[in-house]
Amino acid sequence: MATMSDGTPVCDRLWTRARLATMSAAIPAPYGAVEDGVVAARDGRILYAGPRSQAPAFMAAETIDCGGRWITPGLIDCHTHLVYGGDRAHEFELRLQGASYEEIARAGGGILSTVTATRAASEEALFASADRRLSALLAEGVTTVEIKSGYGLEIEAEVKTLRVARRIGRERPVRVRTTFLGAHAVPPEFKGRSGDYTALVAGPMLDAIAAEGLANAVDVFCEGIAFSPDETRAVFEAAQAKGLAIKIHAEQLSNLGGAALAADMGALSADHLEYLDEAGVIAMAKAGTVAVVLPGAFYFLRETVKPPIALLRQHGVPIALATDANPGSSPLTSPLLVMNMACTLFRLTPEEALAGLTRHAAQALGLQDEIGTLEVGKACDLAIWDIERPAELAYRIGFNPLHARIWNGQ
């Protein structure tokens, strides 16, 4: 810790008269709460986050009086598909007329309609549309976002998508993790030849992505309308050979055992999980794989089978939340609404919901040592809220109490 000549510790910014929801497991109070708290930061890192009575006498370049507001870690949206072309409002109408998600997909709609629009869009157009969606997330306190590809389904378009995602991280005040999801659907030119397309994804497509360093992780949609467990394993083995982390879309529409497969291979997370069974939960618990539940997609698709929250709790599997922002099954860019949905639809507690968008979301991205809690040494990513208690974040609908968003101490 930097100090003055007399030993007084020095910080860039000091937030005082704050109530802290540190979300630290080391603090036994609900939310890891500190009622009369202080946060100090230097060079974008937290120097201190805790009770005012125990804080060093910092010399601060800037002091911010929070007036009793609550500070949480910056929110983390650990599963999005922000970069895509077009929209799918027409399919929304079709679903309301009775068509299922699978029927639309098999008729060439669904993911494939977005593929057509994404392939045709320029990088500039993709950036502009994704930037608007990102702005909605930032306005509700998001400081880290994961962005998946998966709407190109050919080498050039997948590379284009991930370049745009990386550009977002360079040009906007947000931490971006990118995930290659070439195995999102079988493109029309490979219809009936999913094995050949899997070979393309695991070979030349992944080679091109890795050559430019465009991905932090690789994801696969393991489902009857997408990729089999054997095809999923082939992609994961190729990803791990290149030193990339793995994640999976699994058990959303049926139970193919994808979550257990991914967990056995050391996946960071398994996402959706409506049809997850206890064997899959146990495999995830053993591996430390995070369950990312996505109430926006559950709601939008009017699903009826819920993720096995009680089993996940019973076996100690961390539960993360995310918007799943995408054009077809979760056109949602409100993490606050996600918290409310998780509580009302899946019966999470408000504390579990906030952990799902902070501590556990960080773990789902492999960033638990960097972000997700208010602890010394971590990035100073904060959300400051005009609320009386943290549960209010999950309680209100259509109301944004964000007072200030701090990213890397700024």
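Trainee: Which residues is Glu146 in contact with, leaving aside its neighbours within four places in sequence?

Mentor: Contact means heavy atoms within 4.5 Å. On that basis Glu146 is in contact with Asp77, Cys78, His79, Thr80, Arg177, Thr179, Lys247 and Leu365. Please note that this is a predicted model, in which local features need pLDDT of at least 70 and side-chain atom pairs count only at pLDDT 80 or more, while totals for chains, interfaces and linings use all residues. Residues are numbered from 1 along each chain as its sequence is written, and side-chain values use heavy atoms, with hydrogens and water left out.

Trainee: Where is Glu146 found, and why is this residue called buried?

Mentor: Glu146 is found in strand E7 (residues 142–148); strands (E, at least two residues) and helices (H or I, at least four) are DSSP runs, numbered from the N terminus. Buried means under 20% relative accessible area, exposed over 50%, and partly exposed in between, with a 1.4 Å probe and protein chains only. Glu146 has a relative accessible area of 0%, and therefore counts as buried.

Trainee: Why is H12 described as largely enclosed by the rest of the structure?

Mentor: Nine of its twelve residues are buried, and the description therefore applies. The buried residues of H12 are Pro335, Leu336, Val338, Met339, Asn340, Met341, Ala342, Cys343 and Phe346.

Trainee: What makes a set of residues a nonpolar core?

Mentor: The members must be buried Ala, Val, Leu, Ile, Met, Phe, Trp, Tyr or Cys residues joined through side-chain atoms within 4.5 Å. The largest such core has 101 residues, and those with the most contacts inside it are Val145, Ile168, Phe180, Tyr197, Met284, Leu321 and Met339. A second, separate core of 16 residues includes Ala18, Leu20, Val34 and Val39. In soluble globular proteins, nonpolar side chains tend to be buried together.

Trainee: What makes one space a cavity and another a pocket?

Mentor: Both are found on a 1 Å grid over the protein atoms alone: in a cavity a 1.4 Å probe fits but cannot get out, whereas a pocket is an open set with protein on both sides within 12 Å along at least five of seven lines; lining residues have an atom within 4 Å of a point. Grid points are joined across faces, edges and corners, and a volume is the space filled by probe spheres set on the points. The structure holds two cavities of 30 Å³ or more.

Trainee: How much space does the largest cavity have, and which residues are closest to its centre?

Mentor: Its volume is about 100 Å³. Of its 13 lining residues, His81, Tyr101, His184, Asn326 and Ser329 are the closest to the centre.

Trainee: How does its lining divide by class?

Mentor: Ala, Val, Leu, Ile, Met, Phe, Trp, Tyr, Cys and Pro count as nonpolar, Asp, Glu, Lys and Arg as charged, and the others, Gly among them, as polar. By that rule the lining of the largest cavity has four nonpolar, seven polar and two charged residues.

Trainee: What is the volume of the largest pocket, and what lines it?

Mentor: The largest pocket holds about 450 Å³ of space. It is lined by 19 residues, with Ala105, Arg106, Leu112, Val186 and Ile225 closest to its centre. The lining divides into eleven nonpolar, six polar and two charged residues.
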